[in-house]
Amino acid sequence: MTRHPFRLLTPLAGLLLLSTTAQGQDHAGHQHDHDAAQHEHEHEHEHEHEHEHEQSHSHDHDDDIYAGYFADRQIEDRSLSDWAGDWQSLYPYLQDGTLDEVLAHKAERSAEKTAEEIKQYYDRGYRTDVDRLVIDGNSVTFHENGQARSGDYVYDGYEVLTYAAGNRGVRYVFELETGGDALPRYIQFSDHAITPTDADHFHLYWGDDREALLEEVTHWPTYYPSHLDGDGIVREMLAH
């Protein structure tokens, strides 16, 4: 399966230079400048685990991978079955105050943001009208505003993103095969794993431009299993 490394570097000017190099498939390379303020990381989880990584040498192998420290040889292809199930958006829980305890915990650990700033950060990140996703085989069903739209998606490789801080992440990409124009052409999963495993939550990016999605660093709708209630989600998030 085609694999595309994707790197973020930080020049002295404080801007981020992004470039993609295709391997084995004709994806055009490109370079883009981004405001450093825009790129705080793909999401706050990796910030926190990166900070812990620097302060402690007691991390085991899985902790290092979750924090974004791994070698290319460790990455493996994954199938859509890793994300199979019925999933709910975190955004309603952010809006109704259920996640306030989680945000307060993050604020205590942050030297840069207040609790209100953190809430605004996550409001932008989690925001979505797709409140439920159901993944069964190759079928992905988007539930949005009371409407359900389903399509079949096929694997389109993965992208390795290297962040300015030095840690990395992997996006697993799937392309729409059947389902119609109302569905996004591409969906990209990020769940901190780099080998086949059943996800316990994930961040999803979707749209019609594969390359443009790789540049998205401020909006990452996040999904947890639908069987969890608010208290269960809070416990899961605090455990991370």
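## Aromatic pairs

A search of the whole structure, a predicted model, finds 15 aromatic pairs. Rings of Phe, Tyr and Trp (its six-membered ring) pair if their centres lie within 6.5 Å; planes under 30 degrees apart count as stacked, over 60 as edge-to-face and the rest as tilted. Tyr-122 and Tyr-126 form a tilted pair, 5.2 Å centre to centre with 55° between the planes. Both tyrosines lie in helix H5 (residues 115-126), 4 residues apart, about one turn of the helix. An α-helix has 3.6 residues a turn, so residues three or four places apart point the same way. Tyr-122 and Tyr-126 are both buried. Buried means under 20% relative accessible area, exposed over 50%, and partly exposed in between (1.4 Å probe, protein chains only).

One aromatic cluster is made up of Trp-83, Trp-87, Tyr-155, Tyr-158, Tyr-172, Phe-174, Phe-189, Phe-202 and Tyr-223.

## The model and its overall layout

Residues are numbered from 1 along each chain as its sequence is written. In this predicted model, local features need pLDDT of at least 70 and side-chain atom pairs count only at pLDDT 80 or more, while totals for chains, interfaces and linings use all residues; side-chain values use heavy atoms, with hydrogens and water left out.

The protein has 7 helices and 11 strands. Helices (H or I, at least four residues) and strands (E, at least two) are DSSP runs, numbered from the N terminus. Of its 240 residues, 48% count as buried. Take the contacts (heavy atoms within 4.5 Å) with a separation of 6 or more: residues 24 or more positions apart account for 56% of them. The accessible surface comes to about 11,500 Å², and 45% of it belongs to carbon and sulfur atoms. Areas come from the Shrake-Rupley method with a 1.4 Å probe; for residues, only the protein chains shown count as cover.

## A buried arginine

Arg-171 lies in strand E8 (residues 168-178). Its relative accessibility is 0%, so Arg-171 counts as buried. What does its side chain reach? A polar atom of the Arg-171 side chain lies 2.9 Å from the backbone oxygen of Leu-213. The side chain also reaches the backbone oxygen of Glu-216, at 2.9 Å.

A charge sits over a ring if NZ of Lys or CZ of Arg is within 6 Å of the ring centre and within 35 degrees of the ring normal. The charged end of Lys-113 sits over the ring of Tyr-121, 5.1 Å from its centre.

## One face of helix H4

Which residues of helix H4 (residues 100-109) are buried? They are Val-102, Leu-103, Lys-106 and Ala-107. Seen down the axis, these residues fall within an arc of 140°, so they line one face of H4. The arc is that of the directions from the helix axis to the C-beta atoms.

Val-217 lies in the loop between helix H6 (210-214) and strand E11 (222-225). At 8% relative accessibility, Val-217 counts as buried. The C-alpha atoms of Val-217 and Gly-125 are separated by 8.5 Å, with the two residues 92 apart along the chain.

Most residues other than glycine have a negative phi. Asn-145, not a glycine, has a positive phi of about 50°. Asn-145 is in the loop between strand E6 (139-144) and strand E7 (147-162), and counts as exposed at 58% relative accessibility. His-192 has a positive phi of about 75°. The loop holding His-192 runs between strand E9 (186-190) and strand E10 (202-207). His-192 counts as buried, at 9% relative accessibility.

Key:
Polar contact = N/O pair within 3.5 Å; in protein donor to acceptor, adjacent residues only side chain to side chain.
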